Amino acid sequence: MRAFHIEAKLTATCKIHSPAQLALWDAQAQRDAGQFRTPLVIHRWNGNKIWWVRVLKPGWPAVWLTLPEFLTSTHIWEPV
């Protein structure tokens, strides 16, 4: 997991569809990741047991995956 910077967000309500919130989280993850790690935003909210992973791989569109989907997506693990 050293290839990733993980920005974890636990909130009272779902923020997956909030462009303003995502812009803040994405910017923080990208800033903190530096140039050698892929930024990830992981998000879960009250009442939901599933963690969602937002992959911010440079040159790729940002995408949400469930944690199990992320862990089994081999293309995500390729170096930046």
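**Ground rules**

I number residues from 1 along each chain as its sequence is written, and I use heavy atoms for side-chain values, leaving out hydrogens and water. Since I am working on a predicted model, local features need pLDDT of at least 70 and side-chain atom pairs count only at pLDDT 80 or more, while totals for chains, interfaces and linings use all residues.

**Entry 1: salt bridges**

I looked for salt bridges, meaning a side-chain nitrogen of Lys or Arg within 4 Å of a carboxyl oxygen of Asp or Glu. How many salt bridges does the count come to by this rule? I got three.

I went to Glu7 and Lys9, whose closest N and O atoms are 3.3 Å apart. For burial I used relative accessible area: buried is under 20%, exposed is over 50%, and partly exposed lies in between (1.4 Å probe, protein chains only). Glu7 is buried at 9%, and Lys9 is buried too, at 16%.

I then turned to Arg54 and Asp26, which meet in a salt bridge at 2.9 Å, N to O. This pair links distant parts of the chain: Arg54 lies in strand 3 (residues 52-55) and Asp26 in helix 1 (residues 19-33), 28 residues apart. My helices (H or I, at least four residues) and strands (E, at least two) are DSSP runs, numbered from the N terminus. Both ends turned out buried, with Arg54 at 12% relative accessible area and Asp26 at 11%.

I also noted Arg31 with Asp32, where the closest N and O atoms are 3.7 Å apart. Are the two residues buried or exposed? Arg31 is exposed, at 58% relative accessibility, and Asp32 is partly exposed, at 34%.

**Entry 2**

I call two strands paired if DSSP finds at least two bridges between them.

Strand 2 (residues 38-45) runs antiparallel to strand 3, and four bridges join them. Across this pairing, I found His43 opposite Trp52 of strand 3. The hairpin of strand 2 and strand 3 has six residues between the strands, and there Gly47 takes a positive phi near 90°.

Which strand pairs with strand 3 over four bridges in the antiparallel sense, besides strand 2? I found strand 4 (residues 63-66). Here Val53 stands opposite Leu65 in strand 4.
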